[in-house]
Amino acid sequence: MYTQYPLPQFSILLTDSTTWYTKNDLPKKKKTIIMLFSPDCDHCKHETELIKKNIKQLANSQVVMITTLPFDKMVQFYKDFDLAKFKNITVGRDTRFFFPNYFKIHYLPFLAIYDKKYKLLKTFEGTPKWEDMMEYL
């Protein structure tokens, strides 16, 4: 079960369509939030708005937003939410469909919060309350 293991190696394709982002690219000494989302999901859109609204509270965290949906939908989502202006948000496509299998996801958005040493602290499926999430950040 994934809860027993640290954040695994991963590779996602970024919105520029040529750069691959991996676990090795994560900032050191920051918590990591993995958010699996669908660009078409209203709950995912709501969660993205909450993250943007509370970005100052996430200054010591890196948010990695990952989708398996088509590249063009991901890029449109990235543009619609103006995510390029947030240095601690990374958006990419999981071309190998690694994360949905790894986490055995049933509902989106799915969030996994890891500490600075990549140990899993908590997962959330669906739309968590912001206060519940902040308890782990």
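Residues are numbered from 1 along each chain as its sequence is written, and side-chain values use heavy atoms, with hydrogens and water left out. Because the model is predicted, local features need pLDDT of at least 70 and side-chain atom pairs count only at pLDDT 80 or more, while totals for chains, interfaces and linings use all residues.

Helices (H or I, at least four residues) and strands (E, at least two) are DSSP runs, numbered from the N terminus.

Two strands pair if DSSP finds at least two bridges between them.

| Partner strand | Residues | Bridges to β3 | Direction |
|---|---|---|---|
| β4 | 61-67 | 6 | parallel |
| β6 | 110-114 | 5 | antiparallel |

Within these pairings, the bridge partner of Ile33 in β4 is Val63, and Thr32 stands opposite Tyr114 in β6. Together with helix α1 (residues 42-53), β3 and β4 make a right-handed β-α-β unit; right-handed means that, with the strands pointing away from the viewer, the path from the first strand over the helix to the second runs clockwise.

**Nonpolar cores**

A nonpolar core is a set of buried Ala, Val, Leu, Ile, Met, Phe, Trp, Tyr and Cys residues joined through side-chain atoms within 4.5 Å. The largest has 24 residues, of which Ile51, Met65, Leu83 and Ile89 touch the most other members. The elements giving two or more residues to this core are β3, α1, β4, α2, β5, β6 and α4 (130-134). A second, separate core of 19 residues includes Leu7, Ile34, Leu36 and Tyr118.

**Asn88 and Asp80**

Asn88 lies in the loop between α2 (71-80) and β5 (89-93) and counts as buried at 7% relative accessibility. Leaving aside neighbours within four places in sequence, the contacts of Asn88 (heavy atoms within 4.5 Å) include Lys30, Ile55 and Val63.

Asp80, in helix α2, is exposed, with a relative accessible area of 54%. Asp80 and Pro39 are 41 residues apart in sequence and 10.0 Å apart in space, C-alpha to C-alpha.

Conventions
Buried means under 20% relative accessible area, exposed over 50%, partly exposed in between (1.4 Å probe, protein chains only).
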